[in-house]
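Good morning, and thank you for making the time. Please take a moment with the sequence and the structure before I walk you through them.

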Amino acid sequence: MKKKPKAKSKLKVKLPKAKAGKRELGRAEAKTDVMPVHVPAALLDQLVQEATAVRERAYAPYSNYLVGAAILTKRGVVYAGCNVENSTFGATICAERGAIMQMVAHGDSEPIACAVVTKDGGSPCGICRQVLAEFARDMSIVLVGLASPEGESGRVVQLADLLPLAFRLEQ
Ligand code: THU
């Protein structure tokens with residue numbers, strides 16, 4: 001029996017040529033022009049303190065999951081936000097977006113770091129990652145868990161790693 005010829009796909013995908021010793025679509029390509037900003041540890045500590053304090057004001061009667069976020073901008077100013085839940089659930093605002101609203105309302109726009117404090121060190125949700133990415137291609141994100149099994153824990157990750165290939169509307 002004759003084999004049916006395979007249907008040719010019209011879709012043309014151009015893949016970058018792999019260079020010797022380099023992964024094809026590695027982090028370097030994905031991050032392109034992103035330069036990591038170094039934020040001194042003392043400033044990150046202060047950011048965590050502010051996020052911990054604002055977390056106390058979270059309004060989370062439905063999930064009982066309190067989140068505090070604090071954003072540091074290039075100007076050296078810190079903007080804080082906590083999650084505010086709503087009985088419709090969908091109208092809930094996350095802490096990170098609350099902090100971004102504060103930043104914008106104060107006429108600031110260049111975040112370089114964000115601390116997120118929860119009980120378990122949870123990281124920003126997808127929507128918050130995209131909202132943070134609106135204002136900076138990359139920033140340090142400090143994730144702090146106050147009551148993790150191993151006690152208080154913290155780690156620093158980069159937004160560009162949490163949200164590679166963030167959506168951008170090029171105008
Ligand atoms: N929450 C945040 O505040 N930030 C996030 O990035 C993830 C989730 C809040 C929303 C809701 O009030 C609670 O955590 C549980 O989802």
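Predicted model: local features only at pLDDT ≥ 70, side-chain atom pairs only at ≥ 80, totals over all residues.

Let me start with helix H3, where Ala 95, Glu 96, Arg 97, Gly 98, Ala 99, Ile 100 and Met 103 are the buried residues; buried here means under 20% relative accessible area, exposed means over 50%, and partly exposed lies in between, with a 1.4 Å probe and protein chains only. Helices (H or I, at least four residues) and strands (E, at least two) are DSSP runs, numbered from the N terminus. Residues are numbered from 1 along each chain as its sequence is written, and side-chain values use heavy atoms, with hydrogens and water left out.

What covers the buried residues of H3? The cover includes S1, S2, strand S3 (111–118) and helix H4 (126–133), where contact means heavy atoms within 4.5 Å. After H3 comes Gly 107, which has a positive phi near 75 degrees.

Now to the sheet, which is open and mixed in its pairing, with five strands in the order S2-S1-S3-S4-S5. S2 and strand S5 (151–158) are the edge strands, each pairing on one side only; two strands pair if DSSP finds at least two bridges between them. On average, and with direction ignored, neighbouring strands of this sheet are turned by 15 degrees against each other. Axes here are lines fitted to C-alpha atoms, for helices over the stretch in contact, and angles run from 0 to 180 degrees between N-to-C directions. S1 and S3 pair in the antiparallel sense over six bridges, and Thr 73 has Pro 111 in S3 as its bridge partner. H3 packs on the sheet, where it touches S1, S2 and S3, and its direction makes about 140 degrees with that of S2.

Let me turn to the loops. Asn 64 lies in the loop between helix H2 (41–55) and strand S1 (68–73), and it has a positive phi of about 60 degrees although it is not a glycine. Is Asn 64 buried or exposed? Asn 64 counts as exposed, because its relative accessibility is 58%. Phe 89, in the loop between strand S2 (78–82) and helix H3 (95–105), is another residue other than glycine with a positive phi, near 65 degrees, and it is exposed, with a relative accessible area of 56%.

Phe 89 also forms an aromatic pair with Tyr 62, with ring centres 5.7 Å apart and planes at 50 degrees, so the pair is tilted. Rings of Phe, Tyr and Trp (its six-membered ring) pair if their centres lie within 6.5 Å, and planes under 30 degrees apart count as stacked, over 60 as edge-to-face and the rest as tilted. The two residues are 27 apart and link distant parts of the chain.

Finally, the ligand: an oxygen atom of it is 2.5 Å from an N or O atom in the side chain of Glu 85, and a polar side-chain atom of Glu 96 lies 2.8 Å from a ligand oxygen atom.

Methods: Polar contact = N/O pair within 3.5 Å; in protein donor to acceptor, adjacent residues only side chain to side chain.
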